[in-house]
Amino acid sequence: MSPKSKYADLCAPCIEDEDEELVEVASPIDYKALEDVNITLPDIIANLSSAIHHGSVSRFNISRANVWDGAVRGFRRLSYSETNDMLVKFTDDAGILEEGLDAGGPKREFLSLLMKHMRDRPIFDGPEGHRFLVYNAKAVREDEYYLAGKMIAVSVLVHYLAGHTSVKATVASVTDGDIGKALQEIDSAGSVDVLRDCVIKHSTMLQVAGCLRHVSTVEEKKDIVSDYLRWYIIARNSSVIDRFKEGLSALNFLSALQQYPTLLSPVLCHMEKKLTALELERLFKPDFSPSGSNRRHLENQTVGYWSDYLLDCEESQTAVSVGDVLMFATGLTSLPPSGLDPLPSLQFLDESLFPMANTCLNLLKLPMITSYSVFKSNMDFGIQNSPGFGFVSQVKIFFKDVMNRIRWDMLVVQHKSIIVYQVYCSFIR
């Protein structure tokens with residue numbers, strides 16, 4: 001069970017055609033029988049995370065306008081250690097530093113944004129949703145493959161599981177137009193003579209990949225295409241795949257991946273499915289007042305508004321999406337395979353007309369408003385005007401003029417710090 005074969009099984013794509021049977025790029029090996037069936041994914045993550053010393057921190061100063069640049073500086077800093085906890089500080093568009101202790105929320109947002117950005121790095125190729133590692137000379141010089149592997153390993157162990165979608169390769173996965181056209185010609189050959197002509201025509205291309213052969217049946221076209229895609233995606237990129245695995249070894253993550261491939265493969269091959277209103281409604285558990293109290297009556301009404309608001313988000317009847325609501329409350333754009341810790345909860349506000357969130361606690365506070373239209377409008381406004389859709393802990397509004405258009409001072413408090421924003425909007429009653 002070599003590391004390379006493990007990578008091929010977990011991360012390499014499979015050859016697939018919508019009208020044909022699936023053909024695997026790498027030979028499947030059943031590792032499931034080798035795994036401890038009594039251990040869970042959260043158990044593995046908790047065990048690996050125990051190596052992190054929360055008394056020491058590595059600092060990251062991140063601008064949301066250029067997440068990758070700040071991440072590279074942070075991971076390459078001489079004082080950085082993967083065994084240290086992460087302290088993330090964001091700067092907003094005006095360059096104001098969002099101070100405050102990072103108790104989990106800022107890390108999750110940073111790593112969520114980082115993993116989303118990484119999908120578009122030049123170390124990956126292939127169409128959207130079917131990306132795979134590919135050799136890039138500039139990235140090799142800058143050792144980006146090692147850095148990417150380390151970023152993914154660390155992100156797994158601070159509660160955000162890397163969101164790269166699983167890859168199933170077809171000829172369409174080849175972004176080089178000439179190569180894709182050549183493979184399509186071979187795959188479309190309807191007779192042995194036509195296939196032989198195609199092989200001769202593209203002999204140089206096939207010879208480079210070690211796929212040039214004499215064909216005696218038309219069915220051999222599938223083997224030629226399969227072998228070429230295996231070389232195109234795996235063999236020609238083997239050096240950068242090996243370097244990527246070295247980065248992935250941070251905090252012993254690669255060893256755990258080899259030991260528990262069935263449990264940990266969703267970490268690297270996580271299909272980010274669309275979040276539904278019902279899933280989010282079930283995820284956040286309300287913290288109700290005693291039954292029968294006047295406050296409980298208002299809380300019950302607010303929960304009804306909350307459920308309708310999520311449905312409106314799902315049906316695109318609001319300014320934000322269901323994913324934006326999750327980002328506002330947790331710092332994540334999708335639900336990680338290992339779940340959320342701590343479990344998300346709902347609380348209710350008397351003192352604010354707008355939602356508040358503590359992403360470190362996965363806590364969302366809803367305003368208790370007697371009109372659904374105002375509730376909906378204020379939810380949209382509060383989420384849209386939070387830094388990064390996820391780091392507002394308190395929002396207080398001071399009205400200076402009551403008229404059709406009024407000026408608002410919005411205090412955004414994250415942990416112990418206050419950021420003052422001047423915003424203009426229409427006030428709806």
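Modeller: The buried residues of helix 6 are Glu144, Tyr145, Leu147, Ala148, Gly149, Lys150, Met151, Ile152, Ala153, Val154, Ser155 and Val156; buried means under 20% relative accessible area, exposed over 50%, and partly exposed in between, with a 1.4 Å probe and protein chains only. The model is a predicted one, in which local features need pLDDT of at least 70 and side-chain atom pairs count only at pLDDT 80 or more, whereas totals for chains, interfaces and linings use all residues. Residues are numbered from 1 along each chain as its sequence is written, and side-chain values use heavy atoms, with hydrogens and water left out.

Because 12 of the 13 residues of helix 6 are buried, this helix is largely enclosed by the rest of the structure. Helices (H or I, at least four residues) and strands (E, at least two) are DSSP runs, numbered from the N terminus.

Helix 4 (residues 105-118) contains Pro106, which is buried with a relative accessible area of 2%. Between Pro106 and Met86 there are 9.4 Å in space, C-alpha to C-alpha, and the two are 20 residues apart in sequence.

Strand 8 (residues 363-367) has four of its five residues buried, so the rest of the structure largely encloses it. Strand 8 pairs with strand 6 (residues 345-349) in the parallel sense over five bridges, where pairing requires that DSSP find at least two bridges between the strands. In this strand, Leu366 is the bridge partner of Phe348. Strand 7 (residues 356-358) pairs with strand 8 in the antiparallel sense over three bridges, and Asn358 stands opposite Leu363. Strands 7 and 8 form a hairpin with four residues between them, and Asn362 in the turn has a positive phi of about 55 degrees.

Helix 15 and helix 17 also meet: Thr302, Tyr305, Trp306, Asp308, Tyr309 and Asp312 in helix 15 contact Tyr372, Phe375, Lys376, Met379, Asp380 and Ile383 in helix 17, contact meaning heavy atoms within 4.5 Å. By class, this contact has seven nonpolar, one polar and four charged residues; Ala, Val, Leu, Ile, Met, Phe, Trp, Tyr, Cys and Pro count as nonpolar, Asp, Glu, Lys and Arg as charged, and the others, Gly among them, as polar.
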